[in-house]
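I opened this notebook page to record what I looked up, one entry per topic. The sequence and the model come first.

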Amino acid sequence: MSSLSSSFRPIPVLFLLHFLLFSHIAETRNLAKQRPVNNSVSALFVFGDSTVDSGNNNYIDTLSKGNFAPYGKDFPNHVPTGRFTNGRLATDFVASYIGIKDLIPPYLDPTLSLDDLKTGVCFASAGTGFDPLTAQMNGVIPMQKQMKYFEEYKSRMEGYIGKDKTKTLIENAALLISAGTNDFIVNYYGPPIRRKTYTISRYQQYVLELGQQFVQGLVEMGARKIAFVGLPPMGCVPSVITLNSDNAFTHRGCIEELSSVARDYNRLLQNKLTAMQSRDAGFVYIDIYKPLDDMIKKPQHYGFDNVNCGCCASGMIEISILCNPYSAVCSDDSKYVFWDAVHPTEAAYYNVFLSVRPVIDRLLKA
């Protein structure tokens with residue numbers, strides 16, 4: 001077993017959800033002008049964890065929620081929606097760019113209209129992972145149940161618009177999957193359950209196999225345009241640094257061993273997606289590791305001042321209920337890569353969006 005397996009101090013289950021993807025407020029108003037030409041995408045469907053959960057956890061019995069201030073501080077009308085950031089998520093920017101809608105709503109919101117459903121929804125749940133044990137540890141929605149919700153969605157739409165139109169809608173939709181970080185940080189390097197059975201390399205393969213099964217399930221339901229998001233530099237998550245630094249107040253460099261695990265996983269994921277390409281469906285890999293790594297290594301280039309602490313409270317360990325209306329908040333969150341001790345700010349999400357936009361364009365043409 002690697003030295004990391006025995007020395008890594010996991011984030012408590014309550015605190016870890018996931019992290020990743022895309023934002024800068026002034027430029028967002030110009031997204032409509034940047035939309036791809038000849039775009040015929042019918043809808044956007046989103047699966048995964050807190051990097052893309054737009055509020056599904058609001059409707060389940062879990063402590064992994066972000067539906068209270070200061071979350072949503074920079075969201076339209078300053079509403080805390082359940083998104084684990086100060087504003088919009090990557091998927092909101094993607095939806096606006098594609099021209100589908102400005103914001104992706106959570107599927108479990110009972111107030112959604114037929115039009116909301118037709119143009120796409122989010123099935124994601126903060127704290128989940130491909131490994132069913134990960135969701136069980138956090139008391140959230142497993143990826144397997146997110147698939148069931150998509151099946152339910154398909155059945156509902158068939159009742160609304162008929163089977164043929166539903167088939168066409170799903171075939172022309174873009175689907176995005178963003179999960180995996182919790183499987184490693186919360187699960188594998190958490191309670192020594194998986195480590196008793198799996199080496200880190202075997203666990204990487206296990207998670208990838210579950211991810212492949214998930215993609216195949218989507219294809220079987222008619223999906224043809226699928227984007228699969230890789231892992232971020234996990235060792236740079238502020239709470240990971242806090243729990244694994246020899247002095248969390250003065251030594252706040254990234255934990256290289258854990259980021260190395262993410263790089264290895266991403267390489268294997270890209271190979272698997274290449275092998276899965278077929279005439280029936282197109283798959284693209286979305287690299288969030290490099291843009292986030294660039295922001296952390298060259299913050300001035302992106303207008304950031306702080307890359308290793310979150311804006312909320314001390315920014316070193318706080319997430320969810322520990323980042324609350326009583327928490328101190330930084331004066332300018334646009335200068336921070338991280339909003340809380342795990343999740344990026346809207347500004348960081350948008351910069352990632354700009355980086356991956358060419359891949360989104362390629363998906364739209366698939």
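**Basis.** I am working from a predicted model, in which local features need pLDDT of at least 70 and side-chain atom pairs count only at pLDDT 80 or more, while totals for chains, interfaces and linings use all residues. Residues are numbered from 1 along each chain as its sequence is written, and side-chain values use heavy atoms, with hydrogens and water left out.

**Whole chain.** I found 14 helices and six strands in the chain, where helices (H or I, at least four residues) and strands (E, at least two) are DSSP runs numbered from the N terminus. Of the 366 residues, 61% are buried, a term that I use for under 20% relative accessible area, with exposed over 50% and partly exposed in between (1.4 Å probe, protein chains only).

**Asparagine 138.** I located asparagine 138 in helix α5, residues 132-138, and it counts as buried because its relative accessibility is 7%. Its side chain reaches the backbone oxygen of glycine 127 at 2.5 Å.

**Serine 259.** I placed serine 259 in helix α11, residues 256-276, and its relative accessible area of 2% makes it buried. Leaving aside neighbours within four places in sequence, I listed Pro233, Met234, Gly235, Cys236 and Tyr289 as in contact with serine 259, contact meaning heavy atoms within 4.5 Å. The serine 259 side chain also reaches the backbone nitrogen of glycine 235 at 3.1 Å. From serine 259 to proline 232 I noted 7.8 Å, C-alpha to C-alpha, across 27 residues of sequence.

**Aromatic rings.** I noted 28 aromatic pairs in the structure; rings of Phe, Tyr and Trp (its six-membered ring) pair if their centres lie within 6.5 Å, and planes under 30 degrees apart count as stacked, over 60 as edge-to-face and the rest as tilted. Tyrosine 71 and tryptophan 339 form an edge-to-face pair, at 6.3 Å centre to centre and 65 degrees between the planes. Tyrosine 71 lies in the loop between β1 (44-48) and α3 (90-98) and tryptophan 339 in the loop between β6 (336-338) and α14 (346-364), so the pair ties together parts 268 residues apart in sequence. Tyrosine 71 is buried at 1% relative accessible area, and tryptophan 339 is buried at 0%.

How values were computed
A polar contact is a pair of N or O atoms within 3.5 Å; within protein, one must be able to donate a hydrogen and the other to accept it, and residues adjacent in sequence count only if both atoms are side-chain atoms.
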